[in-house]
Amino acid sequence: MVARTVAVEPGAVADLLGLLPAEQPVTWLRRGEGLVGWGQAAVVRTTGAHRFADADSWWSQVVDRAVVRDEVGLPGTGLVAFGSFAFADAPGDSVLVVPSVVVGRRGDRAWVTTVGHDLDHRASVLHPADEPGCPGEVTYADGALDGESWMSAVADAVARIEAGDVDKVVLARDLVATTEHDVDVRWPLRRLATSYPTTWTFHVDGMIGATPEMLLRRERGLVTSRVLAGTIRRTGDDRRDAELAGALARSSKDLEEHEYAVRSVADALGPHCSSMNVPDAPFVLHLPNVMHLASDVAGVVADPAAASSLRLAESLHPSAAVGGTPTDAAVAVISEVERMDRGRYAGPVGWIDAAGDGEWGIALRSAAVDGRTVRLFAGCGIVAGSDPADELAESQAKLLPMRDALG
Ligand SMILES: C=C(O[C@@H]1C=C(C(=O)O)C=C[C@H]1O)C(=O)O
């Protein structure tokens with residue numbers, strides 16, 4: 001494999017999404033910056049408990065055998081793979097794909113990477129693609145459980161918490177949308193990126209969404225993780241929302257739920273880091289649909305060669321933000337009570353470069369797209385004292401980004 005990265009004028013790639021063709025697009029964007037790509041120079045699919053390790057060793061082999069000429073030298077330049085990983089060890093499959101073209105922008109730097117291409121083609125990749133068509137009429141049906149049954153599942157989980165089986169468990173539900181026309185993912189991508197600019201808008205192999213949660217970013221030896229847990233719905237009234245944000249920051253139920261999530265991330269990163277910073281108290285992250293308690297955990301990776309961003313993501317997954325506490329017991333409760341295959345929802349999604357740097361978000365506020373069928377997902381952290389009706393309403397607020405993006 002031969003990869004070549006050349007610098008381009010940032011103005012030439014001001015609208016990264018506008019460059020994406022309909023075939024095999026991949027996306028990782030925030031505030032208009034990041035990476036888009038298309039085509040498939042190489043791909044691997046992995047399953048089971050070793051899905052991360054297998055993908056990581058495949059990637060090491062690809063990198064070892066590749067000839068890379070990179071005149072930009074930033075994280076995300078040179079050879080890059082995009083991945084989306086299953087939440088559970090079983091069922092579900094995971095994917096790592098090397099696009100044949102990647103276009104990136106970061107601040108005032110921009111670049112194009114072509115893989116296995118005649119370099120004369122690189123100018124021709126930078127022209128606006130055709131406009132995606134609208135998915136048309138959208139109808140919704142319950143997924144695995146209807147609202148009532150899901151609330152009973154939440155009540156079951158609360159009973160399991162009160163019985164002392166687990167401290168926290170995250171329960172999710174799905175909603176199945178059927179669209180009039182095959183979904184061109186570029187349509188919802190554009191709408192997600194416009195409406196939720198502070199989140200990471202992603203698409204890899206049919207998994208699409210706008211996640212506010214960065215499981216892990218590794219950049220030249222520094223690792224950061226944005227932990228979210230504890231949620232309140234927005235009302236649309238700014239004064240009321242400010243009051244609610246204050247209440248969220250003082251809510252013992254939400255602070256407890258948040259503390260579990262922060263601790264799970266800090267405990268998982270600890271062994272890989274020579275030093276770490278774990279904030280004492282969370283801040284409130286404002287999104288258009290919800291507000292979350294948020295903490296940014298940071299660390300210095302002791303041995304970057306031993307811990308690629310993908311292996312670090314593996315050690316963090318599933319954090320208590322999407323699994324629960326203790327992890328194994330919570331995952332067991334999920335598989336009994338949720339009665340749904342999460343697929344790649346709530347699994348790591350993102351990219352890795354040849355140095356092992358990368359960004360892996362948690363695939364939240366997301367959906368799995370397959371032709372005219374779109375499975376939307378949302379989950380809520382359940383702790384002692386969680387109210388099923390409140391959790392159902394919270395899940396509806398978390399489904400909004402994808403619902404609006406299709407509509
Ligand atoms: C599980 C989801 O979100 C997670 C659960 C949260 C909570 O319960 O408060 C908050 C943010 C995320 O960590 C989801 O959006 O599907």
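**Overall fold and ligand shell**

Of the 407 residues in the protein chain, 52% count as buried, meaning that 20 or more other C-beta atoms, placed from the backbone, lie within 10 Å of the residue's own. Please note that this is a predicted model, in which local features need pLDDT of at least 70, side-chain atom pairs count only at pLDDT 80 or more, and totals for chains, interfaces and linings use all residues. Residues are numbered from 1 along each chain as its sequence is written.

The protein chain holds nine helices and 23 strands; these are DSSP runs numbered from the N terminus, with helices (H or I) of at least four residues and strands (E) of at least two. Its radius of gyration, taken over C-alpha atoms, is 20 Å, close to the 22 Å from the globule rule (2.2 Å times the number of residues to the power 0.38), so the chain is as compact as a globular protein of that length.

Among contacts between residues at least 6 apart in sequence, 76% join residues at least 24 apart; a contact requires C-beta atoms, placed from the backbone, within 7 Å.

Which residues are closest to the ligand? They are Leu 228, Thr 231, Ala 321, Gly 379 and Gly 381, out of 17 that surround it, where the criterion is a C-beta atom, placed from the backbone, within 6 Å. The elements giving two or more residues to this shell are β11 (168-179), β15 (222-233) and β23 (373-383).

Terms used. A residue is buried if 20 or more other C-beta atoms lie within 10 Å of its own, exposed if 12 or fewer, and partly exposed in between; C-beta atoms are placed from the backbone. Two residues are in contact if their C-beta atoms, placed from the backbone, lie within 7 Å.
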